[in-house]
Amino acid sequence: MSSKQKIIAGVAGVCALFFGFVAVRIGAQPNDASMKLVQISKENNAQIGKEAYKDAYPLQYNSFMKNNIESPSPTGYGGSMEGNSHLEHQPEMLENFKGYKFSIQYDDDRGHTYAGYDLLHTKRLPGQKGSCIVCKGSYMYDVCFKEDGWAFASKPFMEVAENISDDQWFGCSTCHDPDTMELRVYQQGFIESMARRGIDVNAASHNEMRAYVCGQCHTEYYFTAEDGRVAHPYENGFDAEDEYRYYQSGQAGGFKGDWLHPDSKTMMLKAQHPDFESWATSVHADAGVTCVDCHMPYMRDGGKKYTSHWMTSPLKTTKESCLKCHDESEETLVARVKTIHDNTFRLQRIAGQTVAKAHLTIKAAMEAGVPDAALEDARAKVREAQWYWDWVAAENGVGFHNPDKMTRTAGLAIDLAHQAIESAEAARYGFQPI
């Protein structure tokens, strides 16, 4: 064998080892004794909560309870802190959500262990329906849906929630089948919406499930006008523009919007944390890296390998979450994320402030006597602009899940908001926008 052939063979061998390692890391399931199958009691629906799993899966349980920890984000954006108000940090939201419950209270999410408590104590709760429990634990499926389909969704919230014990909010069964401990998607709205895209969630691979168990709730949704069930605007694609086209085309049926803005008299849409859509077309998704790889990395305790159930910022577990794939220093990675967060938040604020100005400009035109017909264009543009701004603002990654997509979406918001202002002023002062 010549020297050239030896070099080629050596390179091929190294490549085979490398890509073999990547394939195994992405596809492998935990291989430790802590994942043994244990029969969980179903007495009084104990399998829905988390306490029934405490002794059988102590490593997972103890890490899950770390979600009780309240701490700021390493980059200064988000974090798990009670009362961390978006309205205080972004006062333009008071105008943009005027007339809607998000102008009353809009706090950063705390850890998953607070899912039930924070829902029960939010100022936005009065008047809500049973559909609001859907992403707060598998009680929705294991009790409500199995008993009577989607009927619970249109019932008064407290009529449904009063039957849920403190232990039965977000817990192990939210992501694991209590009988097999395999990953599962319990959220029926996600299953139905993915099916309309031709995707059978129940036939997903293990790695796909590592995204779907998170994506079933960390995603844009709406409540159907017909029966209040949860649905997702996926049919046209996973970009903000695709989802806006879904709402505009009538694909959402009787649902036209969430509220009428009192200043611009425009029917508005409220975006709901489109983390799944942001990730779905990202560089990490293309590489087969899922939510679990970064937010719930493999850990070791006493020689046992387990999946961390502390769903937190990867920058709090950088060694396990990031450095297993990236060869940069921890300082370099944190600085890179901080830069993305800084740039995204800056654009987000500019977009939000420009949208707020658009609402007020349309209001001023109405007060000046401009007829509704002359403001249709401005209203259409502010509706779309706010959707794009909110799509970025409501997404939990502050741009990191997909920097290119989030920058483009914020840019669309800024451009359309300026167009809305120009259109409203043209209608008011009688000149045509350039």
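Reader: Happy to dig in! What should I know about the numbering and the pLDDT limits?
Author: Residues are numbered from 1 along each chain as its sequence is written, and side-chain values use heavy atoms, leaving out hydrogens and water. In this predicted model, local features need pLDDT of at least 70, totals for chains, interfaces and linings use all residues, and side-chain atom pairs count only at pLDDT 80 or more.

Reader: How many helices and strands does the protein have?
Author: Helices (H or I, at least four residues) and strands (E, at least two) are DSSP runs, numbered from the N terminus. By that count, the protein comes to 17 helices and 8 strands.

Reader: What is its radius of gyration, and what does the globule rule give?
Author: The radius is taken over C-alpha atoms, and the rule is 2.2 Å times the number of residues to the power 0.38. For 434 residues the rule gives 22 Å, and the protein is close to that, so it is as compact as a globular protein of that length; its own radius of gyration is 24 Å.

Reader: What share of the residues is buried?
Author: Buried means under 20% relative accessible area, exposed over 50%, and partly exposed in between (1.4 Å probe, protein chains only). Of the 434 residues, the buried share is 50%.

Reader: Which residues does W387 touch?
Author: Contact means heavy atoms within 4.5 Å. Leaving aside residues up to four places away in sequence, W387 touches E220, A240, E243, Y244, Y247, L269, K270 and A271.

Reader: How are the rings of Y246 and Y247 arranged?
Author: Rings of Phe, Tyr and Trp (its six-membered ring) pair if their centres lie within 6.5 Å; planes under 30 degrees apart count as stacked, over 60 as edge-to-face and the rest as tilted. The structure holds 28 aromatic pairs. For Y246 and Y247, the centres are 5.7 Å apart and the planes 85° apart, making the pair edge-to-face.

Reader: Which ring does the charged end of R124 sit over?
Author: A charge sits over a ring if NZ of Lys or CZ of Arg is within 6 Å of the ring centre and within 35 degrees of the ring normal. One aromatic cluster is formed by F97, Y100, F102, Y106, W259 and W389. The charged end of R124 lies 3.8 Å from a ring centre, and that ring belongs to F102.

Reader: Is L412 buried, partly exposed or exposed?
Author: L412 is found in helix 17 and touches E241 and Y388, not counting residues up to four places away in sequence. Its relative accessible area is 26%, so L412 is partly exposed.

Reader: Where does M181 lie, and what is its phi?
Author: M181 is in the loop between helix 7 (157-161) and helix 8 (188-195). M181 is buried, with a relative accessible area of 10%. Although M181 is not a glycine, its phi is positive, at about 65°.
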